[in-house]
Amino acid sequence: MKILYTNFHSGDGGGHTTYLASLARALSPRHQLFMAAPANSRVIRVMRSEGIAEPVEIAFSSGLATLGQQWADLRRLRALIEHHQIDIVHANGARDHRVAMEAVAGLRRRPKLVFTKHNSKSANTFGNALRARWGTDRVIAVSAHTRQMLLDSPYRRCPIDVIRNGVDLGRFAPADPGESAALRARWTTDSEAMVLVSNAGTDNHKGWIDLVRAIATLPEPLRGKLHVAIAGRTPDPNAVAEVAQLGLTQQVHFAGLLEDIRPFVASGDAGFVLSYDVETISFACREMMAMAKPVLVSDYAGLPENIEPGQNGWIVPVRNVAAIAAQVGALYEQRAELPRLGAAARQHALQHFGLDTFSALTEASYAAVLDGR
């Protein structure tokens with residue numbers, strides 16, 4: 001197959017980059033791949049440096065001020081599709097999905113259009129209705145929750161496959177305990193402390209501030225034994241100011257954007273993803289579990305689909321600070337059990353989160369749409 005991936009994200013790209021890079025690594029030995037994305041996107045850098053897909057620099061811009069650029073990009077994408085006789089165009093966001101739909105309009109040999117729904121934003125809009133009718137042959141939902149959202153939208157007319165995100169279980173593997181202890185010392189040298197980490201990002205909707213607020217309600221000396229470390233871009237200054245107001249600046253650590261998050265994840269005793277918006281199933285959650293970290297998640301979107309409560313993680317009501325505080329207190333009391341729960345998280349990942357399953361199911365979805373099934 002000749003497969004063209006599209007992604008409108010500039011910069012880091014978050015989970016979209018992880019998703020596309022994972023697929024490209026798995027499928028490039030068997031298929032010819034192309035990646036259309038903005039020139040400054042991390043996904044373009046990854047494709048170029050690893051040689052797993054031919055990079056195609058498309059801005060996917062919007063607005064009247066960029067109409068000239070949009071027209072040039074549309075023509076370039078259409079020419080590429082025609083020249084290489086692309087079989088599948090796999091879109092990953094509203095903006096690139098729209099451009100892909102426009103690029104293939106009227107082609108004598110039209111490729112099949114596959115769309116992955118990566119977030120929990122409503123699909124009941126006029127733009128989605130147009131794309132569902134004219135620009136989608138098959139849809140991939142990354143969680144059962146996402147599938148239900150799509151069934152309640154114009155995409156119900158399309159075949160929908162549930163294909164949960166997979167992670168590289170060889171790359172995301174448990175660290176040596178001695179190495180983890182050395183990395184943990186970056187946040188605290190207190191052997192009785194508990195470090196909660198998240199590589200889900202610092203955006204407000206990731207819910208990390210709710211965890212900080214919860215810790216602030218706990219009594220001393222427990223409150224002083226809890227540390228939070230978050231990887232991602234520079235956080236909202238207002239949220240950072242609130243951390244200071246709560247008196248937790250010395251216990252909340254921002255690691256910044258990391259090219260390799262594995263040492264960061266290894267530095268924690270447990271993970272957390274407490275999203276309340278724009279979430280599906282979370283690569284970050286699955287990566288932490290694969291690295292033998294039990295994870296605390298909110299009951300939002302597809303996050304609970306990762307967890308067996310009490311066995312390899314915990315589920316709390318979304319944005320419920322009191323419930324989060326109670327659960328964190330309970331985790332501290334059972335902190336000696338965290339390595340055992342982490343081992344169960346790793347085993348769960350081995351059974352359910354494998355990259356081979358993820359890529360094989362995606363490949364089967366492509367075959368099905370090409371066969372008209």
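Guide: A definition comes first: on a 1 Å grid over the protein atoms alone, a cavity is a set of points where a 1.4 Å probe fits but cannot get out, whereas a pocket is an open set with protein on both sides within 12 Å along at least five of seven lines, and lining residues have an atom within 4 Å of a point. Grid points are joined across faces, edges and corners, and a volume is the space filled by probe spheres set on the points. This is a predicted model, in which local features need pLDDT of at least 70 and side-chain atom pairs count only at pLDDT 80 or more, while totals for chains, interfaces and linings use all residues. Residues are numbered from 1 along each chain as its sequence is written, and side-chain values use heavy atoms, with hydrogens and water left out.

Visitor: Which element gives the most to the lining of the second largest pocket?

Guide: The second largest pocket holds about 430 Å³ of space. Of its 21 lining residues, the closest to the centre are S180, G268, D269, K293 and P339. Helices (H or I, at least four residues) and strands (E, at least two) are DSSP runs numbered from the N terminus, and those giving two or more residues to this lining are helix 7 (177–184) and helix 13 (338–352). The element that gives the most, with 4 residues, is helix 7.

Visitor: With which side chain does the side chain of H227 make a polar contact?

Guide: H227 lies in strand 9 (residues 226–231) and has a relative accessible area of 8%, so it is buried (under 20%; exposed is over 50%, partly exposed in between, with a 1.4 Å probe and protein chains only). Leaving aside neighbours within four places in sequence, the residues in contact with H227 (heavy atoms within 4.5 Å) include W187, M194, Q250 and H253. A polar contact is a pair of N or O atoms within 3.5 Å; within protein, one must be able to donate a hydrogen and the other to accept it, and residues adjacent in sequence count only if both atoms are side-chain atoms. At 3.0 Å, the partner of the H227 side chain is the side chain of H253.

Visitor: How many residues apart in sequence are the parts that the pair of Y19 and F358 ties together?

Guide: Rings of Phe, Tyr and Trp (its six-membered ring) pair if their centres lie within 6.5 Å; planes under 30 degrees apart count as stacked, over 60 as edge-to-face and the rest as tilted. By this rule there are 5 aromatic pairs, one of them being Y19 with F358, edge-to-face at 5.4 Å centre to centre and 65° between the planes. Y19 lies in helix 1 (residues 14–27) and F358 in helix 14 (residues 355–371), so the separation of the parts tied together is 339 residues.

Visitor: Is Y19 buried or exposed?

Guide: Y19 belongs to an aromatic cluster with F283 and F358. Its relative accessibility is 0%, so Y19 counts as buried.

Visitor: How many residues of helix 11 are buried?

Guide: Helix 11 (residues 283–290) is mostly covered, and F283, R286 and E287 are among its buried residues. What covers them includes helix 1, strand 8 (194–198) and helix 13. The buried count for helix 11 is 8 of its 8 residues.

Visitor: Which residue caps the N-terminal end of helix 11?

Guide: A side-chain oxygen of the capping residue lies 3.4 Å from the backbone nitrogen of A284. The residue that caps this end is S282.
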